[in-house]
Amino acid sequence: MSPKVAFVLKGYPRLSETFIAQEIEELEKRGLDIVLVSLRWPTDVEAHPVHRRIKAPIHYLPEYLWREPARVWRAWRAVRRLPGYAAARRLWLRDLRRDVTLNRVRRFGQALVLSHEVAPSVGHLHAHFLHTPASVTRYAARIADLPWSCSAHAKDIWTTPSWEKSEKLADCRWAVTCTGVNRDHLAALAPFGRVSLVYHGVDPEYFAPSVEREPSRDGSDPRQPVTILSVGRTVPKKGYDDLIDALAALHPELHWRFVHIGGGFLLKRLRRQAERVGLGGRVSWLGSQSQDAVLDKYRQADLFALACRVDKNGDRDGIPNVLLEALSQSLAVVTTQVSAIPELVIDRENGILVPPRDPSALAAALANLIVNPALRARLGRAGRDRVCTMFHKDRGIADLAKKFGIGG
């Protein structure tokens with residue numbers, strides 16, 4: 001029988017991390033005994049249905065050490081005489097000399113609490129994300145003398161220093177990541193065979209199209225505008241300012257509307273940009289939505305757009321899960337040639353790819369799809385076929401289940 005596993009997450013639940021919740025649910029169905037450990041309290045008002053189906057209990061660590069000093073003190077008193085404490089402290093001090101930040105101090109404090117409060121039945125720690133969660137997990141695993149593993153995703157890979165990635169990958173039992181680009185990058189920093197590729201997938205039953213999509217709108221009728229949908233946080237790497245500029249460049253006689261779903265700190269600035277370029281009446285900003293609401297919008301849309309790019313700090317997407325979801329609905333997509341997106345979207349075969357930070361090329365691709373419903377239909381059908389074969393959730397979950405010792 002496999003041991004209970006503590007999944008260490010930066011925050012839980014989060015609307016933007018449906019892929020993690022789906023993974024947890026599927027592993028539970030296969031018999032993995034899980035407890036969730038969150039470094040932060042949730043900030044989203046709503047939760048997805050999948051969060052309500054997960055049975056694992058949730059344990060919240062002190063989000064800020066100064067708010068719960070007695071809890072941290074009790075943990076330190078309890079674990080300081082454990083055999084692994086001195087080694088963990090030396091490891092942390094070495095990291096602190098290279099990263100002199102309050103965040104690094106907080107990570108060790110949270111690790112003290114995790115190693116003290118983790119149930120005796122927990123025999124393995126697993127971090128989601130290679131940055132902060134993996135640091136807390138690594139220190140706690142050293143204190144408690146437990147094996148640990150990690151799932152690496154996007155920002156955590158590309159904004160973490162190479163020295164830190166190398167040392168964490170050398171220390172963990174195994175690591176998985178969700179794109180071939182990520183795998184190749186991390187494998188070059190890790191012991192041979194330590195890092196595996198496990199694609200995120202979609203549930204084709206939940207994401208089954210409600211009806212066979214037969215596009216007819218072509219942008220010629222103001223009473224039937226083409227609906228362009230985008231789902232994503234308004235952060236720099238999503239390129240929403242480029243997308244707004246592309247929409248503003250479309251021919252004025254084309255009839256369309258743009259719908260955005262997602263939160264993010266750039267939302268107010270993007271609203272002002274849309275107003276400034278004269279798109280205020282054509283754009284709907286819906287904010288964060290439940291998964292069911294998002295699925296409904298996929299089914300109402302005519303095409304999907306996402307203008308990903310590499311941020312100044314190196315942050316970038318892997319394969320955005322919203323692209324998988326859009327393609328699962330036979331929705332034609334326009335996106336950029338960034339990171340691992342071409343592992344999913346093959347230009348002119350199941351979507352259209354354009355260079356990043358190129359609003360003119362993005363506008364041309366959008367215009368082509370707006371006026372060509374037959375092309376949208378062909379790309380959408382090919383997109384769903386690719387998702388259902390290459391990115392079915394069961395493929396990745398089976399690989400993970402084996403790593404956790406519960407078979408396929």
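Figure 1. Buried means under 20% relative accessible area, against over 50% for exposed and in between for partly exposed (1.4 Å probe, protein chains only). Helices (H or I, at least four residues) and strands (E, at least two) are DSSP runs, numbered from the N terminus. Contact is taken as heavy atoms within 4.5 Å.

**Figure 2. Ala305 in strand S11.** Ala305 belongs to strand S11 and counts as buried because its relative accessibility is 0%. Beyond its neighbours within four places in sequence, Ala305 is in contact with Ile228, Leu229, Ser230, Leu243, Val334 and Leu366.

**Figure 3. The largest nonpolar core and another core apart from it.** The largest nonpolar core has 62 residues, of which Trp256, Tyr298, Phe304 and Leu366 touch the most other members. Helix H15 gives the most to this core, seven residues. Another core, of 43 residues, lies apart from it and includes Val72, Ala75, Val118 and Leu125. A nonpolar core is a set of buried Ala, Val, Leu, Ile, Met, Phe, Trp, Tyr and Cys residues joined through side-chain atoms within 4.5 Å.

**Figure 4. The second largest pocket.** This pocket holds about 290 Å³ of space. Its lining consists of 17 residues, and Lys10, Asn103, Arg107, His131 and Thr132 lie nearest its centre. Helix H5 (residues 102–117) supplies the largest share of the lining, five residues. By class, two lining residues are nonpolar, six polar and nine charged. Asp, Glu, Lys and Arg count as charged, Ala, Val, Leu, Ile, Met, Phe, Trp, Tyr, Cys and Pro as nonpolar, and the others, Gly among them, as polar. On a 1 Å grid over the protein atoms alone, a pocket is an open set of points with protein on both sides within 12 Å along at least five of seven lines, a cavity is a set where a 1.4 Å probe fits but cannot get out, and lining residues have an atom within 4 Å of a point. Points are joined across faces, edges and corners, and a volume is the space filled by probe spheres set on them.

**Figure 5. The largest cavity.** The whole structure contains five cavities of 30 Å³ or more, and the largest cavity has a volume of about 90 Å³. Among its lining residues are Phe19, Gln22, Glu23, Tyr199, His200, Lys393 and Leu400. Helices H1 (18–29) and H17 (393–403) each supply at least two lining residues, and H17 gives the most, with four. The lining divides into five nonpolar, four polar and two charged residues.

**Notes to all figures.** Residues are numbered from 1 along each chain as its sequence is written, and side-chain values use heavy atoms, with hydrogens and water left out. The model is predicted: local features need pLDDT of at least 70 and side-chain atom pairs count only at pLDDT 80 or more, while totals for chains, interfaces and linings use all residues.
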